[in-house]
Amino acid sequence: MTQIVLTGAGGALGSHLVSKLLAHDPQLEIYAICRSAATAAGLLDSLPTPNRARLVPLIWDLCDSAATSAVAGQFIGSGPLLGIHCAADVSWRKSAAELYAPNVLASLNFCEALRQSNRSARIIYVSTAFTRRDATDFKNGYEETKALAEREVFTHYSDLMPTTFSCSLVTGAGNDGAISRFHGIYPLLKVLSIYNPPAVIGDPRKALDIVPLDWVADELATHARALTAGFGYSDEVVATAGPAAAPFKEVLGLAENEIEAFRRSRGLAFVRPTSIVSRRQFAFLNRAVKTWDTPGSMTRGMRIWSRLQLLLDGYANYLESSQVRPPKNVTRPAPLAVSFMPVVMRYWLNRFGREIESGARRYISALDDREPNSKALGVDTFPGDPEDAR
Ligand SMILES: NC(=O)c1ccc[n+]([C@@H]2O[C@H](COP(=O)([O-])OP(=O)(O)OC[C@H]3O[C@@H](n4cnc5c(N)ncnc54)[C@H](OP(=O)(O)O)[C@@H]3O)[C@@H](O)[C@H]2O)c1
């Protein structure tokens, strides 16, 4: 019997994949690598009771190289083993040096554990479609370390017959909007919902490639099954919307429709749709407001806007360019944003409604102050850093 070892099993993609794989194949057993006992307990709790016995949680901080052999020794059994490596630090704001251990070293340790299991193991390395293993230009340390890890895996662990599975920005599931962690596009949604900012930096016509979690997990599960059944090996799968991706302006409009309904239902004004401006326009406006001695509220508004834009800095790179890999080896085209974005938005607004409402009220009352500081506005703490997304 084939067994699967999944890292990042408690994460957004990993946790969805676990329930999908277990539900599909009643014989399958999954070793779920979790960094902490708390994550493992949460994962077990999220499963229907009959499926829990087929999930074997193993606690391992993948950066702990010394534990590799001990973990490999726990992959008991004789059949082939498929490793699916979902664990990563997905921060867009950390440097490549900071991300080396969680993204590169961790990948190599996982490969080593698979090899030491002596069970004709294979690996699916999950990555981002905004980079590729031979890329040399990166938007951030995240992309750089994901590409480096992929190269290292293919160079040093070819015996594991690696496949790279790359996806674009993952949102909640298309059927109900659910997802267990909120990074990627969600911090941007927070800023839009709470601050209703006058503008964000981006290019309205450039496609924003987003894909729903259930479609991504389906494609990954299908590929995993094909590998374990022994047919169809390809060294890469790219799960992106590609030419079907909607322009950023359209995605923003879909999000704003839901934000507007939410704000009205809470008695919060929705002042205007957010404009999309270029960096040059943004810099010009910023300078102009300072130079023209504009009324206090406008200068204040601009200062706040600049602060928000700093928070969104990591995003601008993705909102200005449609540079993403085209779909490859997927079984179905990705759904259109218009079919899942409203559901995704409603799930998220429902889940964080109280937090968003109180953030918006705090922001509105701080705007009335003559000299609001960023602390009073909450922009230092909430939504704060795009990493503060959970
Ligand atoms: N989400 C996206 O939009 C997106 C887009 C493209 C590609 N991807 C790729 O998809 C994969 C899954 O992403 P995700 O969105 O599911 O990320 P996620 O929700 O942040 O989950 C990452 C998981 O990795 C675990 N992890 C991180 N460092 C670890 C370590 N040192 N040891 C053990 N476990 C560790 C985390 O453990 P804890 O539970 O302890 O935090 C978490 O469960 C990643 O490889 C990512 O690069 C994601």
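This is a predicted model: local features need pLDDT of at least 70, side-chain atom pairs count only at pLDDT 80 or more; totals for chains, interfaces and linings use all residues.
Does the span between the end C-alpha atoms of α5 agree or disagree with 1.5 Å a residue?

**Entry 1: helix α5.** The 21 residues of α5 should span 30 Å at 1.5 Å a residue, and I found its end C-alpha atoms 28 Å apart, which agrees. I then looked for a bend and found one of about 30 degrees in α5, at Ala-106. Ala-106 is also among the buried residues of α5, which include Leu-99, Pro-102, Asn-103, Val-104 and Phe-110. Further along the helix, Cys-111, Ala-113 and Leu-114 are buried as well.

**Entry 2: helix α1.** I applied the same check to α1. Its 13 residues should span 18 Å at 1.5 Å a residue; the end C-alpha atoms lie 19 Å apart, which agrees. Among the buried residues of α1 I noted Ala-12, Leu-13, Gly-14, Ser-15, His-16, Leu-17 and Val-18. Leu-21 and Leu-22 of α1 are buried too.

**Entry 3: strand β1.** How many of the five residues of strand β1 are buried? I counted five of the five, residues 3–7, so the strand is largely enclosed by the rest of the structure. Gln-3, Val-5 and Thr-7 point one way from β1, whereas Ile-4 and Leu-6 point the other way. I next looked up the neighbours of β1 in the sheet. Strand β2, residues 29–34, runs parallel to β1 and is joined to it by five bridges. Within this pairing, Val-5 has Tyr-31 of β2 as its bridge partner. The chain passes from β1 through α1 to β2, and I recorded this β-α-β crossover as right-handed. Strand β4, residues 81–85, is likewise parallel to β1, again with five bridges. There, Thr-7 is partnered by His-85 of β4.

**Entry 4: surroundings of the ligand.** Which residues are closest to the ligand? I found 30 residues around the ligand, the closest being Gly-8, Gly-11, Arg-35, Ala-87 and Gly-184. Helices α1 (12–24) and α5 (96–116) each supply at least two residues of the shell, as do strands β5 (122–128) and β7 (169–171).

**Entry 5: Val-170.** Within strand β7 I looked up Val-170. I counted 24 other C-beta atoms within 10 Å of Val-170; a residue is buried at 20 or more, so Val-170 is buried. I also noted Pro-212, which is 42 residues from Val-170 along the chain, although their C-alpha atoms are separated by 5.6 Å.

Entry 6: Most residues other than glycine have a negative phi. I therefore noted exceptions to this pattern. Ser-120, which is not a glycine, has a positive phi of about 35 degrees. Ser-120 lies in the loop between α5 and β5. Is Ser-120 buried or partly exposed? With 13 other C-beta atoms within 10 Å, Ser-120 is partly exposed. Asn-196 has a positive phi near 40 degrees and is also a residue other than glycine. I located Asn-196 in the loop between α7 (186–195) and β8 (199–201). Asn-196 is buried, with 21 other C-beta atoms within 10 Å.

Terms used
Residues are numbered from 1 along each chain as its sequence is written. A residue is near a molecule or strand if its C-beta atom, placed from the backbone, lies within 6 Å of it. Helices (H or I, at least four residues) and strands (E, at least two) are DSSP runs, numbered from the N terminus. A residue is buried if 20 or more other C-beta atoms lie within 10 Å of its own, exposed if 12 or fewer, and partly exposed in between; C-beta atoms are placed from the backbone. Two strands pair if DSSP finds at least two bridges between them. A crossover is right-handed if, with the strands pointing away from the viewer, the path from the first strand over the helix to the second runs clockwise. The expected span of a helix is 1.5 Å times one less than its number of residues. The bend at a residue is the angle between axes fitted to the seven residues ending there and the seven starting there.
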